Amino acid sequence: MAITTDITNTLRSRSVIRIVNTAANDNTVITLANLSANSSLETVTQASITQVISTSNAGRWKIYRGNDATGVLIMTVGDGADFPLSQYDISISNTGTANIYVTNTGSDGTLILQVTKTATYSTGLTGY
């Protein structure tokens with residue numbers, strides 16, 4: 001697989017997903033569990049996309065909610081896209097409880113997704 005993924009998670013806050021494609025027609029799936037900053041404290045139950053930035057060499061990024069391309073297609077973006085959705089109080093949460101599946105039809109490019117998340121939290125008692 002020629003897609004690499006880097007996710008920066010913040011507990012009780014957002015996640016930033018960076019996906020880099022270096023081969024033609026590749027794909028990846030980001031599970032909701034991948035968006036947890038600490039799996040023993042945070043269980044992510046839903047994610048909404050609040051910003052999309054992309055580059056691609058004449059290809060298109062397709063973003064689905066689900067485990068593959070049979071899921072709900074929520075956005076197609078080309079080279080140079082920058083959608084700061086949160087600035088306009090917009091988020092893309094279609095099928096927010098599903099994983100995020102991404103494909104690229106070009107041979108290289110970068111996609112950055114900022115997501116907000118809904119989660120349950122468990123904290124242990126300390127100091128007692």
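Visitor: In what order do the five strands form an open sheet?

Guide: This is a predicted model, where local features need pLDDT of at least 70, side-chain atom pairs count only at pLDDT 80 or more, and totals for chains, interfaces and linings use all residues. Residues are numbered from 1 along each chain as its sequence is written, and side-chain values use heavy atoms, without hydrogens or water. Strands here are DSSP runs of E, at least two residues long, numbered from the N terminus; two of them pair if DSSP finds at least two bridges between them. The pairing is antiparallel, and the order is β1-β2-β9-β4-β7.

Visitor: Which strands stand at the edges?

Guide: An edge strand has a single partner strand, so one of its sides is left without a neighbour in the sheet. That applies to β1 (3-9) and β7.

Visitor: How many bridges join β4 to β9?

Guide: β4 covers residues 42-56 and β9 covers residues 109-121.

Visitor: Which residue in β7 is the bridge partner of isoleucine 53?

Guide: β7 spans residues 82-83. Its antiparallel pairing with β4 rests on two bridges. The partner of isoleucine 53 is aspartate 82.

Visitor: Is asparagine 99 buried or exposed?

Guide: Asparagine 99 lies in the loop between β7 and β8 (100-104). Buried means under 20% relative accessible area, exposed over 50%, and partly exposed in between, with a 1.4 Å probe and protein chains only. At 17%, asparagine 99 is buried.

Visitor: With which side chain does the side chain of asparagine 99 make a polar contact?

Guide: Contact means heavy atoms within 4.5 Å. Leaving aside neighbours within four places in sequence, asparagine 99 is in contact with residues including Val29, Leu32 and Tyr64. A polar contact needs a pair of N or O atoms within 3.5 Å; within protein, one must be able to donate a hydrogen and the other to accept it, and residues adjacent in sequence count only if both atoms are side-chain atoms. At 2.6 Å, the partner is asparagine 67.

Visitor: What is the phi of aspartate 89?

Guide: Most residues other than glycine have a negative phi. Aspartate 89 lies in the loop between β7 and β8 and is exposed, at 76% relative accessibility. Its phi is positive, about 60°.

Visitor: What is the relative accessibility of threonine 95?

Guide: Threonine 95 also lies in the loop between β7 and β8. Its phi is positive, near 50°. Threonine 95 counts as partly exposed, at 37%.

Notes
Helices (H or I, at least four residues) and strands (E, at least two) are DSSP runs, numbered from the N terminus.
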